[in-house]
Amino acid sequence: VLVHRLAHLKIPNWSRIGRLKRANIPPPGKARFQVERYPMCGRLVCDVKLSAKELIRARSYELGTLCQSVLHVNVERLEVTPDEVKAKYTSSSSLVELVRATMVDSVYVLRLMYELNVIPLALQITNIAGNVMSRTLMGGRAERNEFLLLHAFTEKDYIVPDKQYGKKPIKDEHMDMEELLGEGVPNKKGGRKKPAYSGGLVLDPKVGFYDKLILLMDFNSLYPSIIHEYNICFTTVKKIIMISDEGEVVSAEPPDTDEELGILPTEIRKLVESRRDVKKMMKASGLPADLKLQYDIRQMALKLTANSMYGCLGFSNSRFYAKPLAALITAKGREILMNTKDLVQKLSYEVIYGDTDSIMINTNILEYEQVFKIGNKIKAEVNKMYKHVELDIDGVFKYMLLLKKKKYAAVSVTKLPNGELVCSQEVKGLDMVRRDWSQLAAEAGRFVLTQILSDLEPDERIQNIHAQLTKVGTDLREGKVPLSLMTITKQLTKAPDEYSDKKSQPHVQVALRLNAKGARLKGGDTVHYVICEDGTSNPATQRAYHVDELKTSDTLRLDVKYYLSQQIHPVVSRLIEPVEGTDSAQVAECLGLDPTQFKEKPKPTDDFGAGEAILLKDTERFKNCDKFVFKCVNPECCCEIPVEGPVRKTDTSSHSQTQLVLERCPNPECKVQPLQYLADIRNSLTLAMRSYIVKYYQGWLICEDPGCPQRTRRLPLHFENKYPVCTHCGKNNMYREYSEKQLYTQLSYFQHVFDINKPPYSEMSINIDTFNAYCALKEHVARTLACSGYSVISLTKLFSGLFPEPIKIKKEPVDDR
C-alpha cells in the first residue's frame, strides 16, 4: 500500500524509506515479495504474519485469529474497506475513529511480536547462519542454510557452486515443507505432480477407536541424525550413475564407516551439541527469568536451523540442491522406521501407525507407569542399533481415534511433578483444524470429538452427539447461528486472475469480485466468504459471497442445506465412522436431511468374504439391506406388505402375537391371503432382484470422501493401491457405489426372509401349502443366487490348467488268427 501511494503521488526521494538510493519505483506487475523487499532494502522489516507462519500453526494468520490463538484475547476489530477509508476523512469523529482503530491494531501487532520473541529469535538465527538479519526476518529457510554451508565450505577451502538465476520461475521462499520433504507439490493444472524422489514412510494405520493406552515414540531430529549417523555429505558419499530407459539416473550410497566426517554432518554435530549445552545451562538452579528466556530462544534457534538443514538438499532452487543426497537420507529414514516396526512386533507389541519419524504402539494396558516401562525397553533395544539416531518416548494417549493416514485425534496424558495426571486433547489433520471449513462445522466436529474421547459410556456418547446435532440443525434453520460461525476462510496461493479454474474455486470468485470494487487481494491473502441462495441454479461453488455483500443485499440469504449437507455432515461423518452405534445416515437424520442419500458407503478395503459373513448374526449381516415389499391384489385393500422374515409381530391390546406373512394380510379388514396370489409375489420378487442386479451393472463410482461430490461411470486412468484415484479431488480413492458384496448380501436377504426351515420357525405348526409356498419363493431366489460367482470358488476350474488329464489309450482286441 505504501509503495502504491508513493508511486501514485510521485513522491521524490521515495527510496529514503530504505537505505539504498534507487531511481525507479518497482512496477505493480512485479512479484509480491520483490515489491516489498525492493524499497525497504537495508531496513529491518518485521512482518509478524510472516514470522507467525514459521513459528506456530493457526487456522488463519489474520490479526484477529493470531490475537485469539497467541494472546488469548478476543478482538473486535474495525474492518475498513478502501472506499470507507475515504469516507472517514469527511468528519473529525470518523477520522478519530479510524486513527484509534489503527493504533489499536498496531498495539496488538507489537504484543504479538513480543509474545513470539520474533526479534531475539531472528537475531540468534542470524548469528548461527551468518546471513543478513533483514533476510532472516523475511523468512526463507533455504537461504539461511545456504549461508551456513557457504561459511563452512569456504572455511575448508572448497569452491562452492554458483547460485542459478533465471532458469526456473522464482518460487515463494515461504513454500510448504512438502517440496522439501519430497512429497510432491501442486503442478500448473492444480493437481499434484509426482515427487522428485520418495519421501518419508507412512505406515498403513489400523483404523479404529482405542480405549487402552497408546505409546507414542519418535526419533529426535531424524534427518539431521541420519546425516550424522551415515556421514552423508557432498565430500563423502559415493556417486553412482545408472543408465536406464529414462536416461542417466544418479544415485548415492553412504561412505565407509572409517571415512573422515564430512562438512554437513560436522555442522549438524556442532548445532546439536550447542543446543545440548544450552539446555543444560537452562537447568541450572537460581537462573534469572530473563537469562532463562534468552537460553530458551537460543536453543529454539539452534533447533530450527538443524531441522531445516536437510531442506536445502531437497529444495530445487537451493544453491546446494542435491537430489541423490536427499533421496539417500529419506531412504535411510524409511529403513529405520521399518526396522523399528519389526523390532517392536518381535517384542509382541502392536504397531497401529507410523509416520516418517514417529511410531504408535497399542500397549493394551491401562497403567500409566507400566507404559513407560514398555517404552524404555523398546527405546533401549532400538538405540542399540545406532550411534546418533535416538528413539525417545514422546507421549502417552489415553484414548485415540485413528481415521486414516495423517488424520487422528487423541487424549494425551502427562504426569506432573506432584504425581497428578493431566489430560489434553491433540488433533492432527482433521477437518476442524483446517481453514477451509466454517467455524460452525469445526465447532460441531469439536463437540463430537470431545464426546468420543470422553470417559462416558458408549451409549451416552452417541445420545449426546445425536442431541447436539439435532439442536444445531434446528438453530440453523431458525436463524439462531451467528454469521461469524458460517464464514469460510481460504487462502489465495496466487493472484486471483492467475487461476485457470476460477469457477470451481469459490474464494477466487469472491476475490475477483472484491478486486473489481477496489480491493487489492493477492497471493497469500485470506478470503472470507459464505455460501448463499441467490435465486440461481448454479452449484454451491459459484454462489459464494463476501460477508459484507450478504449484509448489504436484500436478495441473498444463507444456503442452510449446503451448510448442513456439505459442511457439518461430512465433518461429523468422518469422525464417527469407526465408532459403533451410529452412522452417516443417522447423522443426516439428526440434522434434518434425507437419510437415504447418506447411507453408509462400502469401504475400499478387503472386507470379510461370504464365508466369514455367515458367522455374523442375521441382524448384523442384513442391517443395511432394503426390505422386500409386495402389494396386496385385493382392489379394496391394495396395501403394501413389507417382508422382514417369515413371520410378523402384531400388537394387540392384551399381548403381542406372530403371524405368518403369507397367511394373513396386515390389514385386519382384508380377507385375501397372500398365499392365494403367490405368482404375483414371485413376479414382484423377480423385479426387485433384477433392479439390484441392474444397479450393480450400472457401475457407478464414488469418492471415499463424504464431502466430495464426484460420481461417475467413467473409470479413471490413475490408480493407487489398486483403486482408481478420484478425478475431482485428486486425493482419495474411488470405488463402486454398489459393490459385489452389497448385491450378494441383498439377494441373500431375500432368501433369508422366506427361509422357513430355520429355527424357531422350523418348530412351528405350519400348513403344508404355506410351507411349500415359502420353499418355492426361497428356491426362486436360490436360482438367481446360483448365477452369482461371488460366494463360490470352483477348485476344479481354478486348478484345471495345472493337472492335464491323462491320455486314454484304447486297447484293440488282438486277433490270434
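By element, confidence is lowest in helix H10 (residues 177-180), at a mean of 40, and highest in strand S6 (residues 358-362), at 93. Over the chain, pLDDT averages 81, and 87% of the residues score at least 70.

Some ground rules, then. This is a predicted model, in which local features need pLDDT of at least 70 and side-chain atom pairs count only at pLDDT 80 or more, while totals for chains, interfaces and linings use all residues. Residues are numbered from 1 along each chain as its sequence is written, and side-chain values use heavy atoms, with hydrogens and water left out.

Now for the overall picture. The chain has 29 helices and 22 strands; these are DSSP runs numbered from the N terminus, with helices (H or I) of at least four residues and strands (E) of at least two. Of its 817 residues, 41% are buried. Here buried means under 20% relative accessible area, exposed means over 50%, and partly exposed is in between, using a 1.4 Å probe and protein chains only. If you look at contacts with a separation of 6 or more, 62% of them link residues 24 or more positions apart.

Let's start near some helices. Tyr-89 sits in the loop between helix H5 (82-88) and helix H6 (92-115). Tyr-89 counts as exposed because its relative accessibility is 58%. Leaving aside neighbours within four places in sequence, Tyr-89 is in contact with Ser-94, Leu-95 and Leu-98. Thr-126, by contrast, lies in helix H7 (residues 118-129) and is buried, with a relative accessible area of 10%. With neighbours within four places again set aside, Thr-126 is in contact with Asn-131, Val-132, Met-133 and Thr-136.

Next, a helix pair. Two packed helices are described by the angle between their axes and the distance between the axes. Helix H9 (residues 141-155) and helix H12 (residues 263-282) pack at an angle of about 115°, with axes 10 Å apart. The axes are lines fitted to C-alpha atoms, for helices over the stretch in contact, and angles run from 0 to 180 degrees between N-to-C directions. On the H9 side you'll find Leu-148, Leu-149, Ala-152 and Phe-153, which meet Ile-263, Leu-264, Glu-267 and Leu-271 in H12. The residues of this contact divide into seven nonpolar, no polar and one charged. In that count, Ala, Val, Leu, Ile, Met, Phe, Trp, Tyr, Cys and Pro are nonpolar, Asp, Glu, Lys and Arg are charged, and the others, Gly among them, are polar.

A couple of asparagines deserve a look for their backbone. Most residues other than glycine have a negative phi. Asn-231, though, has a positive phi near 55°. Asn-231 lies in the loop between helix H11 (222-229) and strand S3 (238-244), and counts as buried because its relative accessibility is 6%. Asn-364 has a positive phi too, near 60°, and is found in the loop between S6 and helix H16 (368-383). At 46% relative accessibility, Asn-364 counts as partly exposed.

Further along, Pro-458 lies in helix H18 (residues 458-477) and is partly exposed, at 48% relative accessibility. Pro-458 and Gly-581 are 123 residues apart in sequence and 8.0 Å apart in space, C-alpha to C-alpha. Another asparagine, Asn-634, is found in the loop between strand S14 (628-631) and strand S15 (640-643). Asn-634 is buried, with a relative accessible area of 13%, and touches Cys-670 and Val-672, not counting residues up to four places away in sequence.

Finally, take helix H27 (residues 740-753). At 1.5 Å a residue, its 14 residues should span 20 Å, and the end C-alpha atoms are 20 Å apart, which agrees. The expected span is 1.5 Å times one less than the number of residues. H27 is largely enclosed by the rest of the structure because ten of its 14 residues are buried. Among them are Leu-743, Tyr-744, Leu-747, Phe-750 and Val-753, along with Gln-746 and His-752.

Technical notes
Contact = heavy atoms within 4.5 Å. pLDDT = per-residue confidence, 0-100.
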